[in-house]
Every structure is written in C-alpha cells, then in structure tokens.
Amino acid sequence: PLDLPSGGGRDEEDQPLPDIIQFFGHDFEGDAFVWVLDISGSMTVSGRIDELRGEFAGAILNLSSQSDFGAVAFNQNIQPLDILCTAAYPDRKSRAIAWISSLQPYGTSCLAVAVIQGLEIIRKSSNTNRRLIVVGDGLPACPSLTDTALVLNEIAAANWDRIPIDAVFVGEGSALGIEFFQQLANTFGGSMVIAQ
C-alpha cells in the first residue's frame, strides 16, 4: 500500500488566523491594530467626527480577543487611549469606545508626532501581523511641521521596522489632502481608502 500523508496536520505551531475588520468600507487584516485618529477642528464639518466614532467603535467590537489594539487621537496635542497595545477583551473595547466618544474636535493637526506615537504603541504587541491605520481629513497642519515631505521623512525615520501604515481620508474635495494620504500609504506599504 502507498504511504500517503494523513493531511490536515502541520509541523509548525498553529497560529491563530488574523482578524479581518471593516473600517470605512474597507477590509483590514491583522492581529495588532493601532488607530491614529484626527480630532482637529475640521473634523466637526459634515459630521466627520460622528462617522469616525461609529466606524472606530464598529471595528473595535469586531476584533477577536486574539488581536491586540491601541489608539491615539491628535490635534495639536496627542491623546492616546493609553500607551498599550493589548488584547481586545470586552472591558478594553468598552473603554476605547468611551474614550473616542469623549473626545471633542478642535485645533490643528500634528499628524507626524501622532503617527510616531502610534508606532511606539504598536511595538508593544508581540503579535506580528501589525497595522497602523491613520485617519484624517486634510494636510498636516502642525505649526512646527507643515511640509509634507518632512512629515513623511519624520515618519520614515521612526518606522525603522517597516510597519504597514494604512491611510483613510475622510475630507471633501481636497486634492492635496488626498495626494498626501496616498503618499503616506504608498511609502509604508499600506492601503489608501477615501471615505464615501
């Protein structure tokens, strides 16, 4: 008789499948997610902040406890959920939803500093399929750093381990904003999503 393999078994240790979550109509796959969320004053326009809150809550609720997550909100200040990227247990999800619900948009958008903070947070996860998801509605407008090439250089210097960065643009009719978010995604191997 033929000595056929039994099939179904694996030599390597079985790894849990990554989560696939929906966020602004796009599928994102991973086992560690950190969101970097724009809460500048322009996010009050056309209900953007309410849409962001709903999308973030929906994505968080769909994470399995096998995935880690964290979040940072930004205007001219950085407001992290906390400085952790840990398992998506129900109490952490509830805390994250309460956090995003309490944030009030105002001021300008210091995107580079927030993304760098997000990279530091996501490295606290021991999971390997990591994604940083940046949401914004226009060009970076930090008083000390408005040049988009410099913003990308600052992020590149901090992203030495090449964590994929996805870009979600929620603005309206800003060709320069869309172009910047496309560059951000292209530079760091992420997806570009334009919210409809």
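Ser64 is partly exposed, at a relative accessible area of 25%; partly exposed lies between buried (under 20%) and exposed (over 50%), using a 1.4 Å probe and protein chains only. This is a predicted model, in which local features need pLDDT of at least 70, side-chain atom pairs count only at pLDDT 80 or more, and totals for chains, interfaces and linings use all residues. Residues are numbered from 1 along each chain as its sequence is written, and side-chain values use heavy atoms, leaving out hydrogens and water.

**Exercise 1.** State where Ser64 lies and which residues it touches.

Step 1. Ser64 sits in the loop between H1 and E4; helices (H or I, at least four residues) and strands (E, at least two) are DSSP runs, numbered from the N terminus.
Step 2. Leaving aside residues up to four places away in sequence, Ser64 touches Asp19 and Ala88, where contact means heavy atoms within 4.5 Å.
Step 3. Ala87 is 23 residues from Ser64 in sequence, and their C-alpha atoms are 8.3 Å apart.

**Exercise 2.** Find the exposed residues on the face of H1 turned away from its buried side.

Step 1. The buried residues of H1 are Arg48, Ile49, Leu52, Arg53, Phe56, Ala57, Ala59 and Ile60.
Step 2. These cover an arc of only 165 degrees around the axis, so they are on the same side of H1; the arc is taken from the directions from the helix axis to the C-beta atoms.
Step 3. The face turned away carries Asp50 and Leu61.

**Exercise 3.** Describe how E7 is covered.

Step 1. Seven of the seven residues of E7 are buried.
Step 2. Arg130, Leu132, Val134 and Gly136 are on one side, with Arg131, Ile133 and Val135 on the other.
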